[in-house]
Amino acid sequence: MDPNFVQSLHALLVQSTSNDTNQLKTATARLNTEYYKNPACISALASILASSPELAVRQLAAVEMRKRVQQRSGDLWTQLPQDERLQIKQNLPQLILNEQGKLVRHAAARVVAAIASIEIPLGTWPELLPLLHQACTSTQVSHREVGIYILFTVLETIVEGFQEQTQNFFSLFSLLMADPDSIEVRITTVRALGVIAQYIDTEDKADIKSFQALIPKMIQVLGQTLETGDEANARQLFDVFETLLILEIPLLSPHIKDLASFLLQCGGNRNLSPELRVLALNALNWTIQYKKSKVQNQNLAAVILEGLMPITTEPEPEDSDEDAPCRSALRIIDGLATNLPPTQVFPALRTLIQQYFTSPDPNCRRGAMLALGVAVEGCSEFMTPLMDHVWPIIETGLHDPESSVRKATCVAVSCLCEWLEEDFHDPTTQRSACTALDALLEILQDTIDQYLGLIMEQLAGLLDTAPIAVKTVVTGAIGSAAHASKSKFLPYFEPTMNRLQHFLVLGGEGEEGELRGIAMDAVGTFAEAVGADVFRPYFADLMKQAFQGLEMGSPRLRECSFLFFSVMARVFGEEFAPYLPQVVPPLLASCKQSEHGEDKDSEALSADAAAFASGASASSPIAVLDSDGNIEAEMEDIDVDKMLEVNSAIAVEKEIAADTIGALFLATRGHFLPYVEQCVVELVSLLTHYYEGIRKSATESLLEIVRTFYELSEPQEWQPGVAVTVPLQPLVKELVGHVLPPLMDMYDTEDNKSVVASLCVGLAETINKLGPAFVENSLETLCNIAVQILEQKALCQQDPDQDETEEAPEDQAEYDSVLVSAAGDVVSALANALGADFAQLFNTYFPLISKFYKDSRSLSDRSSAIGCLAEIIAGMKNAVTPSTEPLMELFYKGLRDPEAEVQSNASFAVGLLIEHSEVDLSPQYPPLLAALRPIFDVPADAPATRLNAKDNAAGAVSRMIVRNTAAVPLDQVLPVLIAALPLKNDYLENRPVFRALFHLFRANPQSLGPYLDHLLAVFAHVLDPNVPDQIGEDARAELIQLISFLNTQEPAKVRAAGLNVFLPGA
């Protein structure tokens, strides 16, 4: 080696460490042009690494040496003479062992890893592993620290070459995790295990078992690291455990209970720093999310909740973006509620809430209220029957002497209102009270009338006097009041608009920008409440404000403008069309924009972003490339949080933009046609976006576009059947061909249940609209999707800890029930499209659907199972005949169900089965009528579900009458049936009811004679022009004919009922 070459290179490296920018630039330029393209630079850098007296130069030499070894896939390294490569391989490990500088040791260790990545696959460095094993078992602590660190970096680079060594590694690592002298050795060993874990295959049973045996020691090392308060290393170890949680091999499974207990204990340990506690609690949240079957099977929810509740009582930081143990604890309660069956969560939580709410400590009462609020989303159905016990606690909380408790109660009310659909002068609670009121108003609907005047008086005053943050929430609450009161908001519309006008021109950022955005949202709600005619004078000016909001550089204001466009299109319909040339381009631009950490034009970076978003590479280093494609920095050297920060505001904006596109086409119809192609292309590209909200919006809009495009093609009415007798128009068929395949591809990789549920609901609606032509090329795929979900084996339902042969647990989270119900919608839509041809598929689906009707299943599961089968019968019609007996047996159980919602669906199903089955079911009439009879006993003020059940029972009895009048004891049945009229909730059941009445008037008029007065009043009710149509055009025409006939028999009674206005010539 030329000594002058080495000396000159050393001088340039010294110059590179200078603080003089000009010197640095000059040195870098010379290094890149004169030295780093020459293979000899590797040997020279090795010499400098071994001999330079300056630590900074040795470190730089190691970094540059690694780059050169890796340059062009190792091409520079392999150009070195064999004897020089051998010398470097022999000397470098020993050099690292003797190196005193830790940063130099680490940089040099990565040189070893880089060389190993080239030499090990070639089998040309067999001495490396024995040498590292010797270092790891040395009596010198420093040698053990260096040995395990080199081994860790080598494994990060080239695990595949060492698979046959894994058992030896496990033995070595078991020893090193018990190192008596060095926490560094123990920590690095756990990190090395985290790397190996990612390469263990599900078939490697021995490796899995060996790894599982090491978990207790790994947990112990994590505990020791936390005790030292070393946040940096603790964070790296938590990354390892999060990687183990994500992996599809059950490495942690036998230890989930111990791991959860450990993490809970750390999270509750106030002797640890808040940052370390948050790390522990976040890991516990991941445990619940990714190992939910183990948490569920071992009934860990109650114990976890008991440990979390004390943490919820701790003070919250003032900054809403700052994390803290109490916020992490509440996130975990939310995670338990949404991932586990509510039966395992809410009873235990309710006991704790009652206990904490009766505490004299206001922090305990606050924690109880916040815990109640976060649990609602996942337990809403389970909680509904218990609300009589919950509201007294809420009322007490609203009157609590401590403002923090009142504020927490308002938060709980907001959550209850959002998910259950069922004092203003205190400045400390004003904002939260308005937020609670906002949520409450969203669902008040018909009951708002009595409160509207008082509400508007209180809120309007706050618009003038409150701080900006409160004005923002008040404005949102007024929007909700308008949403709930609809046309009754009219008297308040103009004065409120006058008050809000100046909010719509605010130009500041932060609170001002938020107020402007919320005001724009509220004004859109006003438009829907008062209608196009009243709102029209404001329309053009407000569109200008919305366009201005697009130009203000704020994702939030763009989002609000897009929402406003969507609402205006809905309100004004085709009148909105002239704005499309100004509205559509910004929507497309929003969909196309890149977020930090994601670039749509690069498949590789998209994949990386998805990996980052899922945490799939939690313990692997992330490399940043320089302009030559060389690795420039390691994870340890950069601010990873900043690098991976996703601009969530832009992501939400894109979500709203994607959603708005579908809404605009639906509203503006043919005027939108010039934009369909480019919108479809853009929306399809969003189906692979890492953010699930965008995928969901893109899915919904694409299917909305297909349905609207089909409607505009002036289609003929399709006929059910596998054979397509009414084909789609060529352009519609082409559009389906562009949209459906990428949606099917998305399903194959989709791990989010909400997105899949949305896809299923959208597919069902589209199948029902387009008929068999929509599914002709995708029938098998669509059928398989429904089967997978009903078998609970879709990707988004998979749990790596559950055997493939193992049945999914019957008790499931409410979100799982939503997904199953959505799959049922697809099945019933297929039955509707295929008609009698669905019979061959029925035997596949019946057991899959009926298994969800069991006493142990949730109300949602039981109800959707019966409802789905009813819709299938409606589609198959008489082709259901062979399955009559098992269906009737199931429906009997449904009629006896304790829940009115299930009884309602069962009544509907029984009626359809009697109507369509060719089996003579008249022997079943007496027991069926007996089962239906209790459903009619409903007081007028009963809940809507019971009134709905009564209407469906009336429909069932009516179908029985039409099918076989002789089998019905009319003298017993008619008094009950006619007393149930007019129907109050489910007007669709008026169809069978009036069919039965018309049939009886024709075939057995004397049976209805005693009830004529009541029936005439019913006729007047359903024909009232001041109420929405309740019976349909055909029944209405036949009813008017019947009234004409009755007028010839009983003119006085017809006149008394006010029906003479419907007589011919009236």
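This is a short chat about a predicted protein model.

Biologist: What are the ground rules for the model?
Modeller: The model is predicted, so local features need pLDDT of at least 70, side-chain atom pairs count only at pLDDT 80 or more, and totals for chains, interfaces and linings use all residues. Residues are numbered from 1 along each chain as its sequence is written, and side-chain values use heavy atoms, with hydrogens and water left out.

Biologist: How many helices and strands does the protein chain have?
Modeller: The count is 51 helices and two strands. Both are DSSP runs numbered from the N terminus: helices are H or I with at least four residues, strands are E with at least two.

Biologist: And what box do the C-alpha atoms fill?
Modeller: Roughly 125 × 70 × 65 Å, along the principal axes.

Biologist: What share of the protein chain is buried?
Modeller: Buried residues make up 55% of the 1066. Buried means under 20% relative accessible area, exposed over 50%, partly exposed in between, with a 1.4 Å probe and protein chains only.

Biologist: What about the accessible surface?
Modeller: The protein chain has about 46,000 Å², and 51% of that belongs to carbon and sulfur atoms. The areas come from Shrake-Rupley with a 1.4 Å probe; for residues, only the protein chains shown count as cover.

Biologist: How many positive and negative side chains are there?
Modeller: There are 75 positive and 141 negative ones. Lys and Arg count as positive, Asp and Glu as negative; His and the chain ends are not counted. The centres of the two sets lie 1 Å apart. Each charge is placed at NZ of Lys, CZ of Arg, CG of Asp or CD of Glu.

Biologist: Which residues of helix 21 are buried?
Modeller: Met-387, Val-390, Ile-393, Ile-394 and Gly-397. They sit on the same side of helix 21, because they cover an arc of only 120° around the axis. The arc is that of the directions from the helix axis to the C-beta atoms.

Biologist: What does the face turned away from that buried side carry?
Modeller: The exposed residues Asp-388 and Glu-395.

Biologist: Now salt bridges. How many in the whole structure?
Modeller: The search finds 41. The criterion is a side-chain nitrogen of Lys or Arg within 4 Å of a carboxyl oxygen of Asp or Glu.

Biologist: Which partner does Arg-707 have?
Modeller: Glu-704, with the closest N and O atoms 3.5 Å apart. Both lie in helix 35 (residues 692-712), three residues apart, about one turn. An α-helix has 3.6 residues a turn, so residues three or four places apart point the same way. Arg-707 is buried at 6% relative accessible area, and Glu-704 is buried at 18%.

Biologist: And what does Asp-816 pair with?
Modeller: Lys-753, closest N and O atoms 2.5 Å apart. Asp-816 is in helix 40 (residues 814-834) and Lys-753 in helix 37 (residues 753-770), so the pair ties together parts 63 residues apart in sequence. Both residues are buried.

Biologist: Which residues do shared partners join into one network?
Modeller: Glu-514, Asp-521, Arg-556 and Glu-559.

Biologist: Last one. Where is Ala-27?
Modeller: In helix 2 (residues 21-35). Ala-27 is buried, at 0% relative accessibility.
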